Amino acid sequence: MNERQRRDKKGERDFHGSLLDCERSMVDHTLVLSSWMLPQRVVPWEEAITLWYLGKVDVLEEYDAFVASPSIVVAVPAVVRLRRHVAGFRRGVKFSRANVFSRDGYSCQYCGMKKSRAELSFDHVLPRTHGGRTGWENIVTACRPCNLKKRNRTPEQAGMRLLRAPARPTSLPIEPMSFGGREIPSEWRGYCLVSPSAA
Ligand SMILES: [Zn+2]
């Protein structure tokens with residue numbers, strides 16, 4: 001039996017094991033890196049295999065687990081890297097409430113206080129009534145007291161100062177928080193920053 005066959009046989013067994021472990025870790029997910037090697041997003045492994053099959057990513061790390069279809073056996077990808085010029089990925093990080101909080105480090109962009117997700121809100125820097133848009137360049141994380149204080153005014157009118165100008169991020173920090181406390185697979189280490197408490 002050669003190395004590959006041995007791994008296939010072992011992997012088949014491990015794969016069932018890792019499915020059972022999914023509740024506690026992210027082994028059912030794949031870390032997607034940009035072509036610049038920055039963490040871009042986390043996707044279910046099925047999606048990662050599809051991206052690989054379509055030639056959109058290169059596999060950098062594999063789990064010790066395999067999936068088989070009638071015609072092909074592949075290792076479950078743990079970390080993949082996007083090839084350049086993949087349509088749909090070039091516009092950068094998707095705009096969403098969670099991603100804005102993540103960009104701002106869960107800190108109010110006026111007073112700098114770090115808060116939990118439930119205590120934070122969206123703030124339109126230029127209020128909507130003044131023509132302010134809902135997007136990366138005009139939305140910041142604000143705590144409720146700061147949001148109440150600012151009301152429907154610009155920071156200048158409210159006498160408040162932004163800690164930094166909001167912009168569209170090219171990547172996001174991979175935070176243990178966004179995985180609901182689930183463990184980061186060892187295969188991801190070296191590709192994303194993980195706080196010591198989550199390691
Ligand atoms: Zn605040």
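Analyst: What covers the buried residues of H2? The cover includes strand S1 (29–33), strand S2 (39–44), S3 and S4. Helices (H or I, at least four residues) and strands (E, at least two) are DSSP runs, numbered from the N terminus. Residues are numbered from 1 along each chain as its sequence is written. The model is predicted: local features need pLDDT of at least 70, side-chain atom pairs count only at pLDDT 80 or more, and totals for chains, interfaces and linings use all residues.

Start with the helix itself. H2 spans residues 45–53, and Trp45, Ala48, Ile49 and Leu51 are buried in it. Seen down the axis of H2, the buried residues fall within an arc of 160°, so they line one face of the helix. That arc is taken from the directions from the helix axis to the C-beta atoms. An α-helix has 3.6 residues a turn, so residues three or four places apart point the same way.

Now turn to the other side of H2. Glu46 and Tyr53 are exposed there. A residue is buried if 20 or more other C-beta atoms lie within 10 Å of its own, exposed if 12 or fewer, and partly exposed in between; C-beta atoms are placed from the backbone. Just after H2 comes Gly55, with a positive phi of about 75°.

Next, two of the covering strands. S3 (residues 57–68) and S4 (residues 73–82) pair in the antiparallel sense, over eight bridges. Strands count as paired if DSSP finds at least two bridges between them.

Elsewhere, two backbone angles deserve a look. Most residues other than glycine have a negative phi. Tyr106 has a positive one, near 55°. Its place is in the loop between helix H3 (97–103) and strand S5 (120–124). Tyr106 counts as partly exposed, with 17 C-beta neighbours inside 10 Å. Arg151 also has a positive phi, near 50°. This residue sits in the loop between helix H4 (144–150) and helix H5 (155–158). Arg151 is exposed, with 9 other C-beta atoms within 10 Å.

Last, confidence. The mean pLDDT (the predictor's confidence in each residue, from 0 to 100) is 78, and 74% of residues reach 70 or more. Over residues 3–22 the pLDDT is below 50. Where pLDDT is low, the predicted coordinates should not be read in detail.

Technical notes: Two residues are in contact if their C-beta atoms, placed from the backbone, lie within 7 Å.
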